[in-house]
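Visitor: I have a chain open here and some questions about its packing. Can we go through them one at a time?

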Amino acid sequence: MPRHLPGKPHAMKRFGLVSRIITIGIIGVIGAVVVGGLSIRSQDQYNEHLDEINTIRAGAIVSSVLQRAGAEVFGAQRGYAWAVHRDGAAAAFAPEATERKAYEGAFDAVQGTLKKMPVAVLVPAEKAKFEGIANAWSTFATLDAQAVAAYRAGTAQGTAAGDALQSKDIPSLYQQIVADSGALNGAINGRVAGINAEARSEAARYRWAQIIVLLLAVALTGGLTFLLSRRIRSEVQDMDRSLAAIANADLSVEPTAPEGDELGSMAVSLRRAMASLRALVEGVTTQSQRLGAASEDLSELSDQIRGAADGTAHS
């Protein structure tokens, strides 16, 4: 009887070797696609945050410019007030007066900067703060006009009134504008920092997701490849033992690989071939035995004929 090596055939139909190799490749492709998709999504998110930051940062730039421009306005105002005391009101406010022209240029720059503020990107609290700053500059212009009118009166009382505005009301208002401008700039920059932190956090999440997917894909493909290679090696060794036994004229060692894939089909074909060889050997053996028996019968008959012939000769 055939002697089987350990192992039972599986009743269930299995994936073929090609199907398993394709499955492993598909898992690797899926992992690569997912990692690539996460990378693209991460880049898109970063670009969105970058666009948002650039838009909001325009407001921070305007608020920063307002602070510098405001200092120029206040300094130029101090200059023409000093020119009133030095050169007189008429000379200080003449069309060609350097100090007054410097003030007017600086104030126009402030007004131009206020118009550049991207109000649409400001949150309600920032909009309220900006509107307060714009109104404060309007009040500043009103106070400056009052000081100019007082100086132009050309009287000691008028000059004292202009100086009072220049030393009390206007500086107080200017300090408030400086504080509000700084607060607005800080609020906008704080929001930019928050978006930056959110972008970094999202990038870190996507990075970890990519690492996890990559590790899972490597683990699955590596594990399946290891199991498949071990199974192929085991079944190939099984058939190699059967072929070695055949080479040694032993037809009892059949391969045990179950049906269901390419190696299983090879094992089935080898088992059939061994069965055919056994049947052929058994047939040859049977015929040989029959021929042996017939040869013995012929030998006995020959002996009998020879004996009969010898008896006839002696009589």
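Visitor: Leaving aside neighbours within four places in sequence, which residues is L270 in contact with?

Guide: L270 is in contact with M239, S242, L243, I246 and P255, where contact means heavy atoms within 4.5 Å. This is a predicted model, in which local features need pLDDT of at least 70, side-chain atom pairs count only at pLDDT 80 or more, and totals for chains, interfaces and linings use all residues. Residues are numbered from 1 along each chain as its sequence is written, and side-chain values use heavy atoms, with hydrogens and water left out.

Visitor: Where is L270 found, and is it buried or exposed?

Guide: L270 is in helix 6, residues 262–314. Helices here are DSSP runs (H or I, at least four residues), numbered from the N terminus. L270 counts as buried because its relative accessibility is 14%; buried means under 20% relative accessible area, exposed over 50% and partly exposed in between, with a 1.4 Å probe and protein chains only.

Visitor: What separates the C-alpha atoms of L270 and E104?

Guide: A distance of 105 Å, for two residues 166 apart along the chain.

Visitor: Now the core. Which residues touch the most other members of the largest nonpolar core?

Guide: V73, F93, W137 and F140 do, in a core of 41 residues. A nonpolar core is a set of buried Ala, Val, Leu, Ile, Met, Phe, Trp, Tyr and Cys residues joined through side-chain atoms within 4.5 Å.

Visitor: Which helices supply it with at least two residues each?

Guide: Helix 1 (17–87), helix 2 (89–92), helix 3 (98–116), helix 4 (124–152) and helix 5 (156–247). Helix 1 gives the most, with 13 residues.

Visitor: And what is F140 in contact with, beyond four places in sequence?

Guide: V73, Q77, Y103, F107, I170, L173, Y174 and I177.

Visitor: Which residues of helix 4 are buried?

Guide: Among them are F130, W137, F140, D144 and Y151. Their cover includes helix 1, helix 2, helix 3 and helix 5.

Visitor: How many residues does helix 4 have, and what is its reach?

Guide: Helix 4 has 29 residues and reaches 42 Å from first C-alpha to last, close to the expected 42 Å. The expected span is 1.5 Å times one less than the number of residues. G154 follows helix 4 and has a positive phi, near 75°.

Visitor: Changing topic, how many salt bridges does the structure hold?

Guide: The structure holds 6, each being a side-chain nitrogen of Lys or Arg within 4 Å of a carboxyl oxygen of Asp or Glu.

Visitor: What is the partner of R100?

Guide: R100 pairs with D144, the closest N and O atoms being 3.2 Å apart. The pair links distant parts of the chain, with R100 in helix 3 and D144 in helix 4, 44 residues apart. R100 is buried, with a relative accessible area of 14%, and D144 is buried at 3%.

Visitor: What does K129 meet in a salt bridge?

Guide: D180, at 3.7 Å from N to O. K129 lies in helix 4 and D180 in helix 5, 51 residues apart. K129 counts as partly exposed at 31% relative accessibility, whereas D180 is buried at 14%.

Visitor: Which residues form a network of salt bridges?

Guide: R86, D87 and E99 are linked that way. In the bridge between R86 and E99, the closest N and O atoms are 3.0 Å apart. R86 is in helix 1 and E99 in helix 3, so the pair ties together parts that are 13 residues apart in sequence.
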